[in-house]
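The exercises below are meant to be worked through slowly, with the sequence and the model side by side. Try each task on your own before you read its solution.

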Amino acid sequence: MTEVFAGKHLVLGLSGGVACYKSAQLVRLLVQAGATVQVVMTEAAEQFITPVTMQALSGRPVYGSQWDAREPNNMPHINLSREADAMLIAPCSADFIARLVQGRSDELLSLMCLARPLDRVPLLLAPAMNREMWAHPATQRNLAQVAADGALVLGVGTGDQACGEVGDGRMLEPEEIMEELAAFFTPKLLQGRQVLVTAGPTFEAIDPVRGITNHSSGKMGFAIARAAREAGAQVTLVAGPVHLRTPRGVQRIDVQSAQQMFDAVHQQLPQAGVFIATAAVADWRPATASDQKIKKDGSGQTPTLTFVE
């Protein structure tokens, strides 16, 4: 992922929300990947995380006021936006989304969004809010409008929220945002192609608690699926039993046995233009699998197992 971000300069805007704590890790990941990051914070964001923290992680002064006298011409909204390869607002609150829709610009961050050159400085939004706020018709209307105005809305996560409720509206995790940014910056060499990838081992059951398998982490197949998606492909990943997070934007089909993987692959093949088989499929399976756990009987004799290819 480093080569995607090397030499890239991003403006990272923080609006008000407890998810600001995730933005600290996001800056760290971006810098480690070779990007430079200019942090701009709203007054509300400073209630959740300090500019000192963001300056330490980014290695650059943090801006928060449109009247910042550090700029010789007193125009940070012009100067800072012109340098960027992209602007990312993370977290992007419901209020800030509404401000973008209305074109309001009475503070630095929204002013920069309005003043950025539309043809060469894209705007990406990582929303963060309570589940009821996310589902509210006004928010959904505003999201549709900012997308129509040219912003890329990255979507939200699902799970526990700071308020104690559970549902949609969480800001994506920093690693997920990195995947989205990598996909955004990667040339779309596979745009319009459908790619099918297999990954991981298969597990061939002996009985309900035992089986034979291969030592395969699935990491190579998952990395290929992620790279194909970043290159613009529509990707389906048929995965054996592994403990890996599904790459953003990839359709995943979980299977256990070689036969299940075979069936899943042949079901998807008619739609696929590219097939990449990285799975470590078992060479044999038990001829018959017991419906119940095979128990020791105290005789010292092991059960006889017969395998087929």
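**Exercise 1.** How much space lies in the second largest pocket, and which residues that line this pocket are the closest to its centre?

*Solution.* Begin with the volume, keeping in mind that this is a predicted model: about 210 Å³ of space lies in the second largest pocket. Next, look at the lining, which is made of 14 residues, and there you will find that Leu100, Cys113, Leu114, Arg116 and Asp149 are the closest to the centre. Then ask which elements take part: helix 5 and helix 6 (108-115) each supply at least two residues of this lining, and helix 6 gives the largest share, three residues.

**Exercise 2.** Which residues of the largest nonpolar core touch the most other members?

*Solution.* The core holds 35 residues, and those touching the most other members are Phe5, Leu14, Met54, Leu88 and Ile177. As a further step, note that helix 2 (20-32) is one of the elements giving two or more residues to this core, and that helix 2 contributes its largest share, six residues.

Note on methods. Residues numbered from 1 in each chain as written. Predicted model: local features only at pLDDT ≥ 70, side-chain atom pairs only at ≥ 80, totals over all residues. Heavy atoms only, no water. Core = buried A, V, L, I, M, F, W, Y, C linked by side-chain atoms within 4.5 Å. Buried < 20%, exposed > 50% of the residue type's maximum accessible area, 1.4 Å probe, protein only. Helix = DSSP H or I, 4+ residues; strand = E, 2+ residues; numbered from the N terminus. 1 Å grid on protein atoms, 1.4 Å probe; cavity = no way out; pocket = protein on both sides within 12 Å on 5 of 7 lines; lining within 4 Å. Points joined across faces, edges and corners; volume = space filled by probe spheres on them.
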